Amino acid sequence: MIEILLLIILVIFLGMNMGVSGIAPSFAVSYCTNIIKEKSTMILFGIFVVLGAVLLGHNVAKTLGGGILPKQYIDINITLIILFCTSLGLFAANLLKIPQSTSWATVFSIVGVGLAIGHLESKKIFSIIPFWILLPIISYFLTLFVHKRIYPPALKNLWLYEKILSNERTVKKLSIIASCYVAFSIGANNVANIVGPLVSSGAIKNTTFGLFIVSITFIVGAIFWGKHTMCTVGENIIPFGVISATIVGFITATLLICASIMGIPQSLVQLNAASVFAISHNKNGFSETVSHSTTKKIFFVWLISPLLAFLSAYLITKVTK
């Protein structure tokens, strides 16, 4: 009974923290450039996270619920360790107001448990890691390529600026659509970080029901704390305009949905940041982007958070098993 109560608390806590990290890369630019108000941001984020989770979240849930650590070794206690250590890594990042990858923290927690008990599907791990490297690189260079077509303003792209100015309302609507698209992709990939271990342990019998219920906790977290992290990436590194926001949204969400279809737990935070860095590179130069204090802080947190999840999961499992 105590284990179930602790599990419920952890699911709510982790889901809320994931909602905080998730709303930043989805609606940060639209919100921080005053395209959309706070209340509308929360409503749209909630609707599309739920839709993404229910419609496309099953493949990633399957990977995290038996693909890395064999299903027969995942019980309630193991699930508690995985979720606790994932929460620890993510909460540390949120305290520093840096959006962090839940997928990284979850996978590293599962790997820590797997190594501690001596049962780990190494082939699955090595099939995931290349995507963690490749997709952010694609996000970076694809964004850089597209953004170079529109910036800086010149005779060859002057027609585009005329179109934008004469269709400002349409462009803003496209930006909001892009934000909703990103929220959908978050539901499709990140909600499964919690649901996968829960279903494998038997705590939740139906994957679709689990994806729906857990996605609700994302909304709660976004409402209560999301505002604090939304403007870190979108505002501190490079001031964004409507067009930049739309480019970032469509590119990163498309890449994340592709990962979801393949059952790959992928970080939207990294995809989004890579896209943001590309725009900063185009506007301010590569050296200034890399040396920016926020960039350094982001990379530091990205290193520490999954490492914390891994070490804590490994040590707790070794002590308790």
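Start by selecting Phe 131: with 22% relative accessibility, this residue counts as partly exposed. The cut-off for buried is under 20%. Keep in mind that the model is predicted.

Phe 131 sits in helix H6, residues 122–150. Show its contacts next. Leaving aside residues up to four places away in sequence, Phe 131 touches Pro 136, Met 262, Ile 264 and Gln 266. Now pick Gly 52, which is 79 residues from Phe 131 along the chain. The C-alpha atoms of Phe 131 and Gly 52 are 20 Å apart.

The lining has 16 residues, and Tyr 140, Ala 274, Phe 277, Phe 299 and Trp 302 lie nearest the centre. H6 contributes the most to this lining, five residues. H6, H13, H14 (286–291) and H15 (293–320) each supply at least two. Colour the lining by class: 13 nonpolar, three polar, no charged.

Select helix H13, residues 268–284. Its 17 residues should span 24 Å at 1.5 Å a residue, and the end C-alpha atoms are 24 Å apart, so the two agree. Of those 17 residues, 14 are buried, so H13 is largely enclosed by the rest of the structure. Step just past H13 to Gly 285, where phi is positive, about 95°.

Last stop: the second largest pocket, with a volume of about 230 Å³. Helix H1 (2–32) and helix H10 (207–225) are the elements giving two or more residues to its lining. H1 provides the largest share, five residues. Select Ile 4, Leu 198 and Phe 209, among others, to see the lining. By class, that lining holds eleven nonpolar, one polar and no charged residues.

Note on methods: Residues numbered from 1 in each chain as written. Predicted model: local features only at pLDDT ≥ 70, side-chain atom pairs only at ≥ 80, totals over all residues. Heavy atoms only, no water. Helix = DSSP H or I, 4+ residues; strand = E, 2+ residues; numbered from the N terminus. Buried < 20%, exposed > 50% of the residue type's maximum accessible area, 1.4 Å probe, protein only. Contact = heavy atoms within 4.5 Å. Expected span 1.5 Å × (residues − 1). 1 Å grid on protein atoms, 1.4 Å probe; cavity = no way out; pocket = protein on both sides within 12 Å on 5 of 7 lines; lining within 4 Å. Nonpolar A, V, L, I, M, F, W, Y, C, P; charged D, E, K, R; others polar. Points joined across faces, edges and corners; volume = space filled by probe spheres on them.
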